[in-house]
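Q: I'm new to this one. Can we go through it piece by piece?

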Amino acid sequence: MSFTLPELPYSHDALAPYMSRETLEYHHDKHHLAYVNNGNNLLKGTEWEGQSLEEIVKGSFGKNAGLFNNAGQHFNHLHFWNWMKPNGGGAIPGELEKKIIEDLGSVEKMKEDFIQAGVTQFGSGWNWLAVKDGKIVVMKTANGESPLVHGATPILGCDVWEHSYYIDYRNRRPDYLKAFVENLVNWDYVAELYSKAI
């Protein structure tokens, strides 16, 4: 299968003031497009041609760095756009909320730990909520890696590469992460991924 850039599920200015039109124009229209184009070129003639995106990501990890980086970032971003919505944040669907409290102590603790994982990810990378061995865990990964290549299923991720926040927040990564958690997260999509993961 070849990679294609999806349309954003909302307009470029729908996430303002927490994420600006300019950020989405650069991040979606240019950065994500580059992962798609580079990924397609690097996929040609490899053993993973014709496989699903998840198989390509898992299969190329540690074996084909160029392909993995672009396929991994394509996978991460396909979800990233859906992990956000206008007027996001707010209430977490019941089953998911119950599981978060059970596994991570409380919703507040989950938010703190999730933000802290993003703040302490040195350099480029992602912070995550993932399902591992039936439990919800907080993780962080470098560059284009995701829980997928560490035996877990991602259900929420935030991009902490500088191009994700520098236009709007400059060097204030903690403020970006707080805005993401409080005002952008599409918890319905997270709940949907959680129910598939279990």
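Q: How far apart are the end C-alpha atoms of residues 94-192, and what share of the span is helix and what share strand?
A: This is a predicted model. In it, the end C-alpha atoms of residues 94-192 lie 12 Å apart. The span is 46% helix and 23% strand.

Q: What does UniProt place at residues 94-192?
A: The UniProt record, an unreviewed entry, has the feature "domain: Manganese/iron superoxide dismutase C-terminal" there.

Q: And what does the annotation say for residues 2-84?
A: UniProt, again from an unreviewed entry, gives "domain: Manganese/iron superoxide dismutase N-terminal" for residues 2-84. That span is 59% helix and 0% strand, and its end C-alpha atoms lie 25 Å apart.

Q: OK, the sheet. What is the strand order?
A: The order is β2-β1-β3, in an open sheet of 3 strands with antiparallel pairing. β2 (135-142) and β3 (153-159) are at the edges with a single partner strand each, so one side of each has no neighbour in the sheet. From one strand to the next, the twist averages 25°.

Q: How many bridges join β1 to β2?
A: There are 8 bridges, and the two strands run antiparallel. β1 and β2 form a hairpin with 2 residues between them, and Asp133 in the turn has a positive phi of about 50°.

Q: How many bridges pair β1 with β3?
A: Strand β1 (residues 125-132) pairs with β3 over 6 bridges, also in the antiparallel sense. Trp128 stands opposite Gly157 in β3.

Q: Which strands does α5 touch?
A: Helix α5 (residues 107-119) packs on the sheet and touches β1, β2 and β3. The direction of α5 makes about 140° with that of β1. Another helix, α7 (residues 173-184), packs on the sheet too, touching β1 and β3, and its direction makes about 130° with that of β3.

Q: Now the inside. Which residues touch the most other members of the largest nonpolar core?
A: Leu96, Phe180 and Trp187, out of 44 residues in that core. The elements giving two or more residues to this core are α3 (65-82), α4 (94-104), α5, β1, β2, β3, α7 and α8 (187-197).

Q: What does Leu96 touch, not counting residues up to four places away in sequence?
A: Leu96 touches Ile136, Ile155, Trp187, Val190, Ala191 and Tyr194.

Q: Is Asn186 buried or exposed?
A: Asn186 is buried, with a relative accessible area of 14%, which puts it under the 20% cut-off. Asn186 is in the loop between α7 and α8. Leaving aside neighbours within four places in sequence, Asn186 is in contact with Asn82, Trp83, Met84 and Lys85.

Q: What is the phi of Asn143?
A: Asn143 has a positive phi of about 50°, although it is not a glycine. Asn143 lies in the loop between β2 and β3 and is partly exposed, with a relative accessible area of 40%.

Q: And where is Arg170?
A: Arg170 is in the loop between α6 (166-169) and α7. Its phi is near 50°, a positive value in a residue other than glycine. Arg170 is partly exposed, with a relative accessible area of 48%.

Conventions: Residues numbered from 1 in each chain as written. Predicted model: local features only at pLDDT ≥ 70, side-chain atom pairs only at ≥ 80, totals over all residues. Heavy atoms only, no water. UniProt positions renumbered as here; feature names shortened; annotations may be inferred. Helix = DSSP H or I, 4+ residues; strand = E, 2+ residues; numbered from the N terminus. Pairing = 2+ DSSP bridges. Axes fitted to C-alpha atoms, helices over the stretch in contact; angles between N-to-C directions. Contact = heavy atoms within 4.5 Å. Core = buried A, V, L, I, M, F, W, Y, C linked by side-chain atoms within 4.5 Å. Buried < 20%, exposed > 50% of the residue type's maximum accessible area, 1.4 Å probe, protein only.
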